[in-house]
Amino acid sequence: MHIVVCVKDIPNPEAPAALYSIDSKAMRLVPVTGLSNVTSPFDEQALELALREKDRRSEVRVTAISLGAKSSLQAVKRALAMGADDGLHIHDPDARAATSMVAAHVLAIAIRELGRPDLVITGRQAADWDVGMVGCGMAELLGWPVICVASRMAVDGRVVEVDRIIEDGRETVRTPTPCVITAANDVGVPRKASLRETIKSGKKPIVVRELHELWPTDRVIAAMPALPRRVRLYSRTTSVDCQYLPGDARAAAQELFTLLRAEGFGRREGHA
């Protein structure tokens with residue numbers, strides 16, 4: 001059985017927001033010097049789902065795929081240290097696949113070229129842009145069923161059974177493989193890379209492909225009118241008008257009431 005897990009290398013979401021800035025002209029997040037990226041926590045839970053199935057069945061093979069700049073190779077290496085068997089890094093130095101649907105197209109092409117995996121597992125969303133479209137987009141492009149927000153997964157022959165989170169509880173669904181699954185937050189804490197797996201990971205194979213090999217420039221240009229594209233990226237600004245009310249509490253309260261009435265607060269409908 002072959003399981004493919006998509007892992008994304010992202011800026012550390014636990015870092016203070018004040019460290020980050022946006023280049024609005026280039027429409028990109030400016031990397032923070034000296035701050036290492038991490039694997040999206042949602043993707044770590046997806047990998048944990050796959051590795052639990054590997055723990056149950058020795059014939060399971062887990063391939064980790066990451067799409068992105070050179071740093072994305074580290075996400076693959078971290079996955080191998082956690083227990084994945086091999087990896088694929090799709091190198092995208094110019095961020096041409098930065099939008100979710102372009103990423104879905106590229107990943108779907110790469111997955112087809114791997115043969116016919118039984119399962120593709122992603123996080124419910126990436127922890128940087130929080131879009132949550134890649135998993136469902138890949139399923140549509142591959143023509144496979146998709147089950148979202150899975151908290152448990154078990155495979156029996158050519159059928160996968162999944163517990164998924166719904167608004168007021170849980171439900172159990174089954175679908176034939178191949179299929180795409182997105183992992184819920186409720187999978188649990190992902191395993192840490194053990195010393196044994198970390199040592200072994202140095203000998204595990206990683207294939208590096210250039211994006212243009214899978215998604216040629218002419219194909220990108222032809223597809224762009226039908227794909228969403230980023231047109232603006234900017235930092236949200238807020239302004240606060242603060243007015244200090246001097247004097248004793250009674251006078252301040254009267255002044256506050258007058259100001260609120262002037263802004264339209266405290267009036268009953270139909271009254272001046």
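The legends below describe close-up views of a predicted model.

**View 1. Crossing of helices α3 and α4.** The axes of α3 and α4 come within 8 Å and cross at roughly 50°. The two helices are therefore oblique to each other. The crossing in which α3 passes α4 is right-handed. On the α3 side, the contact is made by Ser 100, Met 101, Ala 103, Ala 104, His 105, Leu 107, Ala 108, Ile 111 and Arg 112. Val 134, Gly 137, Met 138, Leu 141 and Leu 142 make the contact on the α4 side. By class, the residues of this contact divide into 10 nonpolar, 3 polar and 1 charged.

**View 2. Buried residues of helix α4 and their surroundings.** Helix α4 spans residues 134-142, and its buried residues are Gly 135, Gly 137, Met 138, Ala 139 and Leu 142. These buried residues pack against the helix α3 (100-113) and against the strands β1 (2-6), β8 (119-123), β9 (146-156) and β12 (179-183). Gly 143 follows α4 and has a positive phi, near 75°.

View 3. Val 106 lies in helix α3. This residue counts as buried because its relative accessibility is 0%. Leaving aside residues up to four places away in sequence, Val 106 touches Leu 67, Ile 90, Ala 97, Leu 211, Leu 214 and Trp 215. Val 106 and Leu 211 are 105 residues apart along the chain, and their C-alpha atoms are separated by 7.9 Å.

Technical notes: Residues are numbered from 1 along each chain as its sequence is written. This is a predicted model: local features need pLDDT of at least 70, side-chain atom pairs count only at pLDDT 80 or more; totals for chains, interfaces and linings use all residues. Side-chain values use heavy atoms; hydrogens and water are left out. Buried means under 20% relative accessible area, exposed over 50%, partly exposed in between (1.4 Å probe, protein chains only). Helices (H or I, at least four residues) and strands (E, at least two) are DSSP runs, numbered from the N terminus. Contact means heavy atoms within 4.5 Å. Axes are lines fitted to C-alpha atoms, for helices over the stretch in contact, and angles run from 0 to 180 degrees between N-to-C directions. Angles under 35 degrees count as roughly parallel, over 145 as roughly antiparallel, 65 to 115 as roughly perpendicular and the rest as oblique. A crossing is left-handed if the near helix is turned anticlockwise from the far one by less than a right angle, and right-handed if clockwise. Ala, Val, Leu, Ile, Met, Phe, Trp, Tyr, Cys and Pro count as nonpolar, Asp, Glu, Lys and Arg as charged, and the others, Gly among them, as polar.
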